Amino acid sequence: MQWSSAGEFLAMGGYGLYVWGAYAVTAVIMVAEVIALARRARTLRAKSSRSADAGVD
Amino acid sequence: MSWFRYSSPQSFYPLAGKMVPWFFTLAALLGLAGLYIAFFVAPTDFQQGDAYRIIFIHVPAAWMSMLIYAVMAFWAGIGLVFNTRLSSMMAHALAPTGALMTLIALWTGSFWGRPTWGAWWVWDARLTSELILLFLYLGYLALVAAIDDPRRADKASAVLALVGAINVPIIYFSVQWWNTLHQGSTISMTRAPSMASIMLIGMLVMVFAFWAYSIAAALMRVRCEILEREHHSAWARKLEDI
């Protein structure tokens, strides 16, 4: 282990802004993509089961 | 059983649904292992300090941005030649994930360039060709969205994807062909990797994590594409969470 404290870990040797700025945006993009896809799939499934019930498009 | 069975949207839809959770699980496990190596095992770089730790997401995203484009162009080409619906849907499903990977590569590169080069952005051959890749993805998506008839959209966008594929080797070799500020490739087929082995292992674990994530996201999206296009057909109406 090279970090003696949580503060030192967050500081990243003075590059904290750059390291965490890069990682945070990457995480946000990936999580947002999955959430958007799950919502799209749910809406589509609801729509297709509704049209199946009605027997029309 | 023939593998061609799965070239029909109807039989691929449930198969893709079964594969999605497996690839997300794989991505999460590899991602956790990779992040552990990235932050707790890999030592501080003697030249770049801890800023270099951006490499563990920058290189995987950059590789995926190029790989996804190549795979997308491949499926678009298959769809164009053999007129297979599922191939074109696969190409459409890959494009947004590829565009996001390109965005991540550019963003993390920018956050790495500022502390090491002193600039968020330079018009270097590597950076510029990667930016062009982002525009190719966006142009592809815009073209698909602009044409109402899905079969015509498949064909027109396939031509764009194939022509744009020329950019992928340009990105890859840009650091050799031009005198770039961007460093040369970290891993090469012809010589030993130019980085410490634990850093290399962490980076490769992250590459596989990004790869599994991209497959899972693309499969989720292709299921949506299939439902949108096939919702008139009898099988799609009978769907009960498969």
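The model is predicted. For the complex, the predictor reports an ipTM of 0.89 and a pTM of 0.91. Chain B has a mean pLDDT of 91. In that chain, 94% of residues reach 70 or more.

Chain A contains 57 residues. Its secondary structure comprises two helices and zero strands. Of the residues in chain A, 14% are buried. The contact between the chains involves 27 residues from chain A and 34 residues from chain B. On the side of chain A that touches chain B, 15 residues are nonpolar, eight are polar and four are charged.

Within chain B, helix 3 spans residues 85–117 and helix 4 spans residues 125–146. The two helices pack at an angle of about 150°. Their axes lie 9 Å apart. Because angles over 145 degrees count as roughly antiparallel, helix 3 of chain B is roughly antiparallel to helix 4 of chain B. The crossing of helix 3 of chain B past helix 4 of chain B is left-handed.

Helix 3 of chain B contributes B:His92, B:Ala95, B:Pro96, B:Gly98, B:Ala99, B:Thr102, B:Leu103, B:Ala105, B:Leu106 and B:Gly109 to the contact. From helix 4 of chain B come B:Leu127, B:Glu130, B:Leu131, B:Leu133, B:Leu134, B:Tyr137, B:Leu138, B:Tyr140, B:Leu141 and B:Val144. By class, the residues of this helix contact comprise 15 nonpolar, four polar and one charged.

Conventions: Residues are numbered from 1 along each chain as its sequence is written. Chains are lettered from A and ligands numbered from 1 in the order in which they are written. This is a predicted model: local features need pLDDT of at least 70, side-chain atom pairs count only at pLDDT 80 or more; totals for chains, interfaces and linings use all residues. Axes are lines fitted to C-alpha atoms, for helices over the stretch in contact, and angles run from 0 to 180 degrees between N-to-C directions. Helices (H or I, at least four residues) and strands (E, at least two) are DSSP runs, numbered from the N terminus. Angles under 35 degrees count as roughly parallel, over 145 as roughly antiparallel, 65 to 115 as roughly perpendicular and the rest as oblique. A crossing is left-handed if the near helix is turned anticlockwise from the far one by less than a right angle, and right-handed if clockwise. Two residues are in contact if their C-beta atoms, placed from the backbone, lie within 7 Å. Ala, Val, Leu, Ile, Met, Phe, Trp, Tyr, Cys and Pro count as nonpolar, Asp, Glu, Lys and Arg as charged, and the others, Gly among them, as polar. pLDDT is the predictor's confidence in each residue, from 0 to 100. A residue is buried if 20 or more other C-beta atoms lie within 10 Å of its own, exposed if 12 or fewer, and partly exposed in between; C-beta atoms are placed from the backbone.
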